[in-house]
Amino acid sequence: MLSAGRVTAVLGPTNTGKTHHAIERMLTHRTGVMGLPLRLLAREVYDRIVARIGPSTVALVTGEERIVPDRTQYWVCTTEAMPQEIGADFVCVDEIQLCADPERGHVFTDRLLHARGLVETLFLGADTMRGAISGLVHQHSYVKRDRFSTLSYAGSKKISRMPPRSAIVGFSVENVYAIAELIRRQKGGCAVVMGALSPRTRNAQVALYQSGEVDYLVATDAIGMGLNLDIKHVAFSSTSKFDGRRMRPLTAQEIGQIAGRAGRHTEDGTFGVTGEARPFDEDLVEAIESHRFAPVKKLMWRNADLDFGSSERLIRSLEAPTSNDWLSRARDADDVLALKALSAMPEVTARVTDAKRVRLLWDVCRIPDFRNGAESDHFALLARIFDFLCGRGIGGGRIPSDWLAKAIERIDKTTGDIDTLSRRLAHIRTWTYVTQRRNWVDDESHWREETRAVEDRLSDALHAALTQRFVDRRTSVLLRRLKQKEDLVAEVNDKGENRGEVTVEGQFVGRLEGFRFQQDSTVSADEGKTLRQAAIAALRPEFSLRADRFYNAPDTEMDFTEQGGLMWGSSAVGKLVKGADPLKPSVEPFVDEEAGEEVAEKVRRRLQHFIDRKVAAQYEPLLALGRDEALQGLARGFAFRLTESLGVLPREAVAQEVKELDQEARASLRKHGVRFGQYTVFLPALLKPAPTRLRLVLWSLWNGLAEFPESPPPGLVTIPNIAEVPKQHYTLSGYHPAGTRAIRIDMLERLADILRQKDSRAGFEATPDMLSITGMTLEQFADLMAGLGYKGEKGERPKVKVAEPVVPPAAIDEAIEAAAAAGQPIPEEVSLLAPVPDEPEAPPAEAGEEAAPAEMEVFFTFTWAPRPRFQRPERGPRPEGQPRRERPQGDRPQGDRPRGDKPQGDRPRGERKEGEGRKDFHGKGGKPGPKGKRDGAKDAPRERKFEARPPRAEKPIDPDNPFAALLALKGKV
C-alpha cells in the first residue's frame with residue numbers, strides 16, 4: 001500500500017476519542033481499511049459502522065470471521081488480517097504502540113512501515129510512539145489529543161467496598177473466576193470479559209453490564225484495548241502477568257492503558273488496587289494521572305520479504321536481522337516455532353517439493369493455537385491438515401468433509417461447566433479459522449456457516465453458564481430497586497406444584513408457608529440479608545390480605561396434626577399449647593414479626609375458634625356429661641374422673657369407685673352413653689378415629705410430652721403390642737393390650753360378652769364368632785386369650801367334613817307344584833331331568849399299601865388360668881399358746897374371680913352350666929346339679945344351706961315396673 005498520501009499520527013491517552021475520529025475520517029472517503037488489535041474491538045467498530053451506513057458496504061475480516069459483501073467499500077479487520085493490496089483511499093492502524101509488544105509487535109511494525117492509504121493514513125496510539133514514528137515514517141503530521149476527563153488514584157479498596165460501576169482486572173482465568181464468585185456473593189453478580197471469549201459471548205456479557213443489570217465487571221487486560229464501557233473505577237487485583245513465557249510486572253504504560261478505561265467521555269474516573277495487590281508508588285501514580293510515560297525505543301520487527309524456495313530458506317528469511325536502530329528482531333512467534341517443528345518431520349519434508357508447497361506449509365503453520373494445549377498436539381494437528389491439503393489419499397487437496405464433520409460433531413455440545421465450554425469454544429475457533437482459508441475445504445460457504453453456528457451455540461451456552469455462576473439476578477435486581485426506593489411487587493403462587501413460591505419483581509426469593517416467609521436456602525449469608533429485606537418489604541400487603549382470607553376461611557380448610565400442629569391447607573399456621581383444662585387448649589400462631597401484631601392477633605383468634613369448635617363437636621357427649629347438674633355425689637365425681645381422662649378409663653384403675661356406685665348412679669351415667677365394660681369404662685362415641693386422634697393430642701399437651709403418640713390407623717381391630725409403648729397410650733388410643741397384640745376396647749367387650757356364656761373351668765373352644773370379632777387366626781387368638789388370663793391347650797383331631805345337604809323328595813314335589821302354579825320353569829336343582837352327580841370313587845388301595853391318613857385339624861381348649869397378682873409369703877409356725885387370729889370378713893382376699901360389678905381383673909364373669917357347682921371356701925366339691933347329685937352319686941342327699949342373718953322382707957311389686965307384667969305371665973305359665 002505504498003503511496004504518496006498524507007500520513008497522520010493521532011496520539012494521546014485513552015478516552016480522547018481517537019477511534020471515533022478515525023471512523024468519521026474513513027467514512028468521508030470512498031474506500032477504507034481499518035486495522036484493530038483485537039477481534040472483539042473489530043466487531044465493536046464493525047457494529048458501529050453498520051449502524052451508521054448499513055451492512056451492504058461494510059466487511060468484517062478476522063482470523064475466525066469473514067463477512068464480505070459484494071459491494072464492499074469499508075474493511076474492518078484485525079491488524080493481522082488487513083488486506084494490503086486493494087488500494088484503499090484510507091488506511092488506519094489502531095493501538096500502534098503495540099509495535100513494542102514481544103509477541104505481536106512485528107505485525108504492527110510491518111503495518112507502520114508498509115500500510116498506506118492512497119489519500120490518507122492514520123496511526124492511532126499512545127504519545128510514547130511519537131519518536132519512533134518520526135524516526136521511521138517520513139513526511140507525516142502529528143496530532144495530539146487530550147483526555148476528555150480526569151483520571152485520579154483512589155488507593156486500595158476491599159471488594160466488599162467497591163463502588164458501583166467498577167471494573168476489577170485480573171490476569172489469569174482462575175483469578176478472574178475467584179473475584180467474580182466473591183462479587184456474586186457480596187454484590188449480587190458481575191459480568192466477565194476475557195480475550196478468549198467469542199465476540200458473541202463478550203457482547204452478551206458487556207450488555208449485561210451496560211444495561212445496569214449488574215454493577216461490576218471482572219476482566220482481563222482485554223478491556224485496555226479500546227473497549228468503550230461505562231466504567232467509573234478500575235481496580236487492579238494484581239500488578240504482574242504471564243506473558244506466555246514468564247511472569248513479569250506490568251509496565252507503567254500497560255497500567256495506564258488499562259486504568260484509562262475509567263471515566264466515560266467527560267465523566268471523571270478513578271483507579272486503584274484491591275485484594276493482594278500492593279498500592280502504587282507516588283511516581284507511578286503521577287505518571288498515570290499525567291499520562292507521561294517513557295517513550296518507546298525499540299520496535300519488534302520480523303522480515304516480511306520471505307523466501308519460499310524451501311522450508312530451510314523460509315526459516316532463514318524469517319530469522320534475518322535488521323540494521324535499523326529503531327528495530328529489533330522479534331523472538332520466534334508461534335508460527336515460526338510451528339514451522340521449525342514441522343520441517344523436522346520426515347513425512348512433512350517429503351511433501352515439501354516446491355515453492356507452492358512451502359507457501360502452503362507456511363500458511364498452515366500460521367493457524368493460531370487457540371487451544372493453548374501441549375505444543376506437540378498442536379504440531380500434530382498442523383501436520384495432519386498439511387497432509388490433507390497436499391492431496392494424498394481421499395482428501396484430494398482438501399480437508400475431507402467427513403473427517404471435518406466428525407471433528408466438529410465432537411465439539412458441538414452445549415452441556416458442561418464453564419471450563420468445558422471454553423475448551424470447546426477454543427477448539428471450534430481453530431476450525432472456524434481453517435474454513436475461512438480459501439480452497440482448504442469443499443463447499444466453503446457451508447462449512448463457514450456450520451462452524452459459525454457451532455461457535456454461536458457454544459457462545460450462548462458459555463454466556464448462560466457465566467451468568468448462572470457469577471450473576472445472582474434476584475439479588476442484583478432487588479438491590480437496585482431498594483437503592484432507587486421503588487415499591488417492590490411481590491407475587492405468591494397459590495396453585496400447582498409451586499404453591500407458596502414468592503417472587504419479587506419476577507425473582508424467586510423463597511416460599512410463604514402460611515404467615516412465615518421461608519427464605520431460599522441456597523443463598524449465602526450476605527445475600528440472605530438483602531433477600532429478606534426486599535422480600536419482607538414486598539410481602540407486607542400480602543400478609544394483611546392473607547390474614548383476611550384465613551379469618552373468613554371455613555373450618556374444613558383447617559386441621560391439626562398428631563404432634564399438635566395447626567394447618568391451613570398444606571401450610572403450618574400455628575400449634576396447640578397447654579391450656580387451663582385438658583379440653584381447652586390454647587394456640588400459638590406462626591406469624592413473622594414483620595407481618596405486624598394485628599395480623600398475628602387475627603390469626604390467633606381464628607385458630608382458637610377452630611380448635612374450640614373441633615373439641616366441642618367431637619367431645620360433645622363428654623362435655624354434656626360434665627355440664628349435667630343432675631349428677632350428684634359419687635356419680636358427679638365419677639363423671640369428673642371420666643372427663644379428666646378424656647372419655648376412656650381402665651376399669652382396674654377405678655374399681656373401687658365403680659363398686660361404690662349404686663344402680664341409680666350408674667343409670668344416670670349410662671344416660672350419657674357411659675358403658676361399664678369388663679375391662680374399660682368408656683364412651684363408645686369417643687372411640688371413633690377422629691375423637692381418638694384428638695384425645696391423644698389433648699392428653700399429650702396436658703401432660704407436657706415432647707413427642708406425642710400417634711393414633712393407630714382407622715378400622716383395625718388389633719394392632720401390635722409394642723413393649724416400649726406405655727399401656728396408657730394404648731388405652732387412650734382405644735385399645736387393650738393382650739399378648740402380642742392389642743385389641744380395640746369395644747370389640748374386647750363384645751368378646752367378653754361371649755366368653756361369659758362359656759364354661760371357663762371345664763374348657764371351651766374358640767367359635768367362629770370369636771375369631772370374626774377379633775379378625776384373627778386360631779394361633780393369634782390363642783395368644784390373645786393368654787393375654788386375657790386364659791390357658792389354651794393345643795390339640796389335634798381328624799377333620800370332620802361337612803356333608804352336602806340333600807333335598808328331600810317332599811321339598812322337590814313342593815317346588816315343582818309351586819313352579820307349575822306360577823307358570824315358571826322348574827328349577828334346575830329339582831328337575832327330574834337334571835343329571836345325578838357322580839359320587840367320586842376312592843381309588844382302590846393296592847396290595848401292601850396302607851390307607852391314606854385322615855386330614856387333621858388343630859384346636860385349642862381354653863380354661864381360666866389367671867396369673868397370680870402377688871406371691872403370698874410363707875408363714876412361720878405359730879408359737880404355742882398364741883390364739884388363732886380371726887381375720888375380718890372384709891379382709892378376705894377375693895382373688896381374680898369377678899363378682900357382679902366388682903373389679904373384674906382378667907377373668908370374665910360366666911354363667912354356671914347345668915351340673916357345675918361352686919367350690920366352697922375349703923376347695924371341695926361345689927353345688928350339686930339340678931337333682932342334688934354330686935360327682936355322679938345317685939342317692940346323695942341334698943345339701944342344706946343356713947344363714948345367720950334374718951330373711952329379707954318381701955317388697956311390694958311396683959306396678960309401673962316393666963318386670964311386673966313378666967312376673968304375672970310367669971304365674972300363668
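How many bridges pair β27 and strand β29, and in which sense, parallel or antiparallel? In this predicted model, β27 and β29 (residues 680–682) are joined by three bridges in the antiparallel sense. This report begins with that pair and then turns to other parts of the chain.

## The chain as a whole

The protein chain contains 30 helices and 34 strands. Of its 973 residues, 44% are buried. Among contacts between residues at least 6 apart in sequence, 67% join residues at least 24 apart.

Strands β27 and β29 belong to an open sheet of three strands, which has the order β27-β29-β28 and antiparallel pairing. The edge strands are β27 (648–650) and β28 (675–676), each of which pairs on one side only. Helix α21 (residues 633–644) lies across β27, β28 and β29, and runs at about 105 degrees to β27.

## A sheet of eight strands

Another open sheet is formed by eight strands with mixed pairing, in the order β4-β3-β5-β2-β6-β7-β1-β8. Strands β4 (66–67) and β8 (140–144) stand at the edges with a single partner strand each, so one side of each is left without a neighbour in the sheet. At the β8 end of the order, strand β1 (residues 6–11) pairs with β8 in the parallel sense over five bridges. V10 stands opposite V143 in β8. As a general point, strands of a sheet pair through backbone hydrogen bonds, either parallel or antiparallel.

Strands β6 and β7 of this order are also among the elements against which the buried residues of helix α3 pack. Helix α3 (residues 105–114) is mostly covered, with eight of its 10 residues buried. These buried residues are G105, H106, V107, F108, T109, D110, R111 and L112. They pack against β6 (90–93), β7 (120–125), α4 (130–136), β17 (299–301) and β18 (327–329).

## A strand with parallel partners

Strand β16 (residues 269–273) is mostly covered as well, since four of its five residues are buried. Strand β9 (residues 151–156) runs parallel to β16 and is joined to it by five bridges. In this pairing, L151 stands opposite G269 in β16. Strand β13 (residues 233–236) also runs parallel to β16, with four bridges between them. Here F271 in β16 is the bridge partner of V234.

## A hairpin

Strands β31 (residues 735–738) and β32 (residues 741–744) pair in the antiparallel sense over four bridges. A738 stands opposite R741 in β32. The hairpin of β31 and β32 has two residues between the strands, and G739 takes a positive phi near 75 degrees. Which residues of β31 point one way, and which the other? Y735 and P737 point one way, H736 and A738 point the other way, and all of them are buried.

| Helices | Axes come within | Crossing angle |
|---|---|---|
| α19 (residues 597–618) and α20 (residues 620–627) | 5 Å | roughly 85 degrees |
| α9 (residues 311–318) and α10 (residues 334–343) | 10 Å | roughly 155 degrees |

The axes of α19 and α20 cross at roughly 85 degrees. That makes α19 roughly perpendicular to α20. On the α19 side, the contact is made by V615, A616, A617 and Q618, and on the α20 side by E620, P621 and L623. By class, the residues of this contact divide into five nonpolar, one polar and one charged.

For α9 and α10, the axes cross at roughly 155 degrees. That makes α9 roughly antiparallel to α10, because angles over 145 degrees count as roughly antiparallel. The crossing of α9 and α10 is left-handed. The contact is made by S311, L314, I315 and L318 of α9, together with V336, L339, K340 and S343 of α10. Of the residues in this contact, five are nonpolar, two are polar and one is charged. In general, an α-helix has 3.6 residues a turn, so residues three or four places apart point the same way.

How values were computed:
Residues numbered from 1 in each chain as written. Predicted model: local features only at pLDDT ≥ 70, side-chain atom pairs only at ≥ 80, totals over all residues. Heavy atoms only, no water. Pairing = 2+ DSSP bridges. Contact = heavy atoms within 4.5 Å. Axes fitted to C-alpha atoms, helices over the stretch in contact; angles between N-to-C directions. Parallel < 35°, antiparallel > 145°, perpendicular 65-115°, else oblique. Nonpolar A, V, L, I, M, F, W, Y, C, P; charged D, E, K, R; others polar. Buried < 20%, exposed > 50% of the residue type's maximum accessible area, 1.4 Å probe, protein only. Left-handed = near helix turned anticlockwise from the far one by under 90°.
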